[in-house]
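The sequence and the structure come first.

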Amino acid sequence: MTTVLRPLLRGTTYTRLLHLWIPALPFSVWMFVLPTAPWVPALVLVPLGLVPAVRRGEGVQARLLLTPGEREPGISEEPSATWRDRLRTALWLAVRVALAGVTTVATVWLPLLAYSAGEVAAGGTPEGVPVLEDARPHWAHALLVPLPLIVLYAVVVGLGGLVTAVARRLLGPSPAERLAALEARTEQLLERTRIARELHDSIGHALTVAVVQAGAARAAGDPGFTDRALEAVEETGRAALEDLERVLGILREPERPLSGRPTLADAGRLLESARASGAKVDAEVSGPLDTVPGPVSREGHRILQESLTNALRHAGTVPVRVRIRVAGGTLLLEIRNPLVRDVPGGGPGSGLRGVRERAALLGGRARTGPDGGDWAVRVELPLNGAESR
C-alpha cells in the first residue's frame with residue numbers, strides 16, 4: 001500500500017502535473033475568444049518548434065519540472081542545430097499539446113464525476129454530468145465516489161511518466177551533443193588524472209625526503225647533520241606546499257594557466273634535495289634546456305622527481321647518476337642507481353606507471369627496469385609538436 005501511494009508524496013508528481021497543465025493555458029484563453037475553433041492555437045504553437053531557440057526553452061522547462069534534481073536527466077538545453085532537432089521539437093510540442101488536453105479533461109471531469117456521485121447518493125440531482133444526470137438517487141452511489149479519484153490518480157501519475165519519457169526521446173541530446181559531452185567528460189577525467197599524478201609526485205617526493213632525512217639524522221647523532229637535515233626537510237616541505245597550493249588553485253579555477261608548474265630549469269633544486277637526503281647524485285646536463293617546450297619541460301621535471309623519489313624510497317642513500325640531454329629534437333632523461341633488495345616500483349605505488357603515461361602522452365617512450373646491475377629509468381621525449389599542448 002505504501003508503494004502504491006508513494007507518488008503522492010513526491011514533489012516530482014506535482015511538478016509534472018504542472019508541466020502537463022501549462023499548454024492548456026492558451027487553449028483556455030482562446031476558448032473565450034473563439035470557442036468554435038479550439039484547434040487554432042495548435043496550428044500556431046506546434047510550428048514554433050522549428051525555431052531553434054524553442055528547443056532550449058522546452059529543454060529548460062522539461063528539466064526543471066519533469067526531472068527536478070536529476071544530474072543526468074537525458075534532456076538537452078541547447079538550441080536546435082539541425083533540421084532533425086527542429087522536427088523533433090515540433091513533434092514534441094504536438095505530443096505535449098495532446099497530453100495537455102487529456103490531462104485537462106481528466107483533472108476537470110473526474111473530480112466532478114466523483115462529486116456528482118456523492119450528490120446522487122445524498123439524494124440530489126447533478127446537472128451538467130451526462131453519466132449521472134438521469135441517475136435515480138440512492139445511497140449505493142456513494143460506493144462509486146472513490147473510483148473516479150483512483151482513475152484520476154492513475155492518469156496523473158501515468159501521464160507524468162509518459163511525458164517524461166517522451167521528453168527524453170524528443171528533447172534528448174543529438175549525436176553531436178552526445179559526442180561533445182563525451183569529449184568534455186574525457187577531458188575532465190584526464191585533468192583529474194593529471195592532478196592526481198601531480199599530487200602523487202610532489203607530495204610523495206616531499207614525504208620520501210622527510211623520512212630519509214629523519215632516519216639519517218637519528219642514526220648520525222650529529223647536531224650539525226641534524227640541522228642540515230631539518231633544513232632540507234623544511235625546504236622540500238615548502239616546495240611541496242607551493243605545489244599543493246598550485247594544484248588546488250587549478251581545481252578552484254580550471255582556466256588558470258599552467259605557467260606556475262616547475263620545469264627542468266628547476267631541476268637543480270630536486271638534485272640538491274636528493275643530495276641533502278644523503279644520496280650521492282652525479283648529474284650531467286647537456287644541451288639548451290631553455291629551448292625545451294613548456295609541456296615537455298614540465299613533464300620532464302615530474303619524471304625526474306618521481307625517479308629520484310623512487311631511488312630514495314627503495315634504494316636509500318645510494319649513488320644516483322642523472323643524465324639530462326637535449327639534442328636532435330629529443331629530450332633524454334636517464335636516472336640510474338644500484339639495485340638493492342627492494343626494487344624501485346615493486347610495491348603498490350603507481351609512480352613508474354605515471355612515468356610511462358607521461359611519456360606516452362607526449363609521444364615519447366619510457367623504459368624502466370634492471371639494467372646491468374642498476375635500476376634504470378630512461379625516457380625520450382620529442383620536442384617537435386609539443387608547443388600546442
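Contact here means heavy atoms within 4.5 Å. The model is predicted, so to speak of local features requires pLDDT of at least 70, side-chain atom pairs count only at pLDDT 80 or more, and totals for chains, interfaces and linings use all residues. Residues are numbered from 1 along each chain as its sequence is written, and side-chain values use heavy atoms, with hydrogens and water left out.

Ser-174 lies in the loop between helix H7 (146–170) and helix H8 (175–220); helices are DSSP runs of H or I with at least four residues, strands are E runs of at least two, and both are numbered from the N terminus. Apart from neighbours within four places in sequence, Ser-174 contacts Arg-55, Asp-85 and Arg-88.

The axes of H5 (residues 52–65) and H6 (residues 83–121) come within 9 Å and cross at roughly 50°. Axes are lines fitted to C-alpha atoms, for helices over the stretch in contact, with angles from 0 to 180 degrees between N-to-C directions. H5 and H6 are therefore oblique to each other, since angles under 35 degrees count as roughly parallel, over 145 as roughly antiparallel, 65 to 115 as roughly perpendicular and the rest as oblique.

Thr-107 is also in H6. Its side chain makes a polar contact with the side chain of Trp-21 at 3.3 Å (a pair of N or O atoms within 3.5 Å; within protein, one must be able to donate a hydrogen and the other to accept it, and residues adjacent in sequence count only if both atoms are side-chain atoms). The Thr-107 side chain also reaches the backbone oxygen of Thr-103 at 2.7 Å.

Val-281 is in strand S1 (residues 280–286). Val-281 and Val-320 are 39 residues apart in sequence, with a C-alpha to C-alpha distance of 4.8 Å.

Buried means under 20% relative accessible area, exposed over 50%, and partly exposed in between (1.4 Å probe, protein chains only).

| Residue | Relative accessible area | Class |
|---|---|---|
| Thr-107 | 19% | buried |
| Val-281 | 11% | buried |
| Ser-174 | 8% | buried |
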